[in-house]
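Dear colleague,

I am handing over the structure below, together with an account of what was found in it. Please look through the sequence and the model before reading on.

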Amino acid sequence: MAEPAEGRREHPLARYLRPGTLPSTFCPGCGCGTVLNCLLRAVDRQKVDPKELVMVTGIGCSSWIPSPMFKCDTLHTTHGRAVAFATGVKLMMPERKVLVIAGDGDLAGIGGNHLIHAAHRNIDLGVMMVNNRIYGMTGGQCSPTTPSDLYTTTTPYGNLDQPVMASELLVSAGANFVARWTTFHVRQLTKAMEQLMNGEGFRFLEIISQCPTHYDKEDKRSPAEILDSYRDNSVPFAEVKEPYDGQAGSKMTVGVLVDRKRQGYVRRLAAVEKKIQEELS
């Protein structure tokens with residue numbers, strides 16, 4: 001980021017960004033900028049020292065949020081392996097706050113097994129899945145969360161698959177905290193990110209995000225109109241009459257799906273290690 005001109009004040013959140021990363025490489029209207037904005041505010045509100053943070057990501061549009069943009073220790077890993085790398089970091093440095101930010105293709109696709117079993121083991125990670133329901137960076141291919149019948153570059157006759165419901169899946173897998181919001185719900189997103197940073201065990205936040213370049217291109221709507229549709233087509237879990245099925249046109253259920261207070265993997269592992277040391281002494 002360039003130095004502010006003489007007499008001009010630097011934005012108070014700019015200190016969390018690496019120099020030279022603005023303007024970003026995100027497409028105009030992409031939801032990743034909103035996610036980054038919310039993340040900066042969450043870190044600032046919690047007064048988290050970036051030196052306490054490790055952010056891990058894979059490959060995709062949303063992977064540019066932590067790397068190279070956020071000024072903290074980051075791992076930009078191979079596609080689908082962000083959760084596996086993050087698990088290793090957390091186990092070796094349990095005192096650090098470890099966050100994963102990646103897309104639906106990265107986390108629910110090739111990384112799906114890592115995601116499920118990190119929730120199953122209740123690994124102490126905060127995971128954010130920016131779900132634009134398509135492979136946005138590599139040409140607009142069908143992803144695991146793409147609604148049925150949608151035309152993409154790899155489904156020219158319409159998607160034959162049912163979309164993966166990642167949030168609901170991770171509730172059943174055993175995650176401590178699971179929430180879903182859209183890029184319209186910026187205040188709720190920021191609060192949920194704060195919960196991800198401070199909780200114990202596996203915490204997961206699904207962020208429904210617009211992709212004007214690929215997913216939303218057929219609608220010919222502006223990004224602002226897409227956000228309006230998120231507002232109009234979202235319903236709190238407490239008021240839901242029919243479960244959200246991930247299909248185009250259905251009401252998106254938003255809010256906190258589960259918030260449990262079970263011991264995380266790090267504490268359980270430390271207890272085992274202590275027991276072993278006592279037996280050996």
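**The cavity and its lining**

The largest cavity is lined by N131, R133, T145, P163, V164, M165, A166, R180, E206, I208, Y244 and G246. Please note that the model is a predicted one. Sorted by class, this lining comprises six nonpolar, three polar and three charged residues. The volume of the largest cavity is about 60 Å³, and the structure contains one cavity of 30 Å³ or more.

**The nonpolar cores**

The largest nonpolar core consists of 35 residues, and L39, I65, F70, M128, M193 and L205 are those with the most contacts inside it. At least two residues of this core come from each of the following elements: helix 1 (32–45), strand 1, helix 2 (65–69), strand 3 (97–103), strand 4 (126–131), strand 5 (177–182), helix 7 (186–198) and strand 6. Helix 1 makes the greatest contribution to this core, with eight residues.

When residues up to four places away in sequence are not counted, M193 touches V35, C38, L39, A42, M128, L205 and I207. Another core, of 26 residues, lies apart from the largest one and includes V83, V98, L125 and V127.

**V56 in strand 1**

V56 belongs to strand 1, which covers residues 53–57. Is V56 buried or exposed? V56 counts as buried because its relative accessible area is 0%, and the limit for a buried residue is under 20%. Leaving aside neighbours within four places in sequence, V56 is in contact with L75, T77, A82, F85, A86, V98, L99, V100 and I101. As for R81, its C-alpha atom is 9.4 Å from that of V56, and the two residues are 25 apart in sequence.

H214 is placed in the loop between strand 6 (203–208) and helix 8 (223–232). With a relative accessibility of 17%, H214 is classed as buried.

**Backbone features**

Most peptide bonds are trans, and most residues other than glycine have a negative phi. The following places therefore deserve a separate entry.

- L22 and P23 are joined by a cis peptide bond, with omega about 0°; P23 is located in the segment before helix 1.
- S67 and P68 are likewise joined by a cis peptide bond, with omega about 20°; P68 is located in helix 2.
- N122, although not a glycine, has a positive phi of about 60°. N122 sits in the loop between helix 5 (112–121) and strand 4, and its relative accessible area of 5% makes it buried.
- D149, also a residue other than glycine, has a positive phi near 70°. D149 sits in the loop between strand 4 and helix 6 (166–173), and its relative accessibility of 57% makes it exposed.

**Two further residues in helices**

V171 is part of helix 6. Leaving aside neighbours within four places in sequence, V171 is in contact with V178, L257, V258 and R260. V171 and K274 are 103 residues apart in sequence, and their C-alpha atoms are 30 Å apart in space.

G112 is part of helix 5. Its relative accessibility of 10% places G112 among the buried residues. G112 and D73 are 39 residues apart along the chain, and 24 Å separates their C-alpha atoms.

With kind regards

Definitions and conventions
Residues numbered from 1 in each chain as written. Predicted model: local features only at pLDDT ≥ 70, side-chain atom pairs only at ≥ 80, totals over all residues. Heavy atoms only, no water. Helix = DSSP H or I, 4+ residues; strand = E, 2+ residues; numbered from the N terminus. Buried < 20%, exposed > 50% of the residue type's maximum accessible area, 1.4 Å probe, protein only. 1 Å grid on protein atoms, 1.4 Å probe; cavity = no way out; pocket = protein on both sides within 12 Å on 5 of 7 lines; lining within 4 Å. Points joined across faces, edges and corners; volume = space filled by probe spheres on them. Nonpolar A, V, L, I, M, F, W, Y, C, P; charged D, E, K, R; others polar. Contact = heavy atoms within 4.5 Å. Core = buried A, V, L, I, M, F, W, Y, C linked by side-chain atoms within 4.5 Å.
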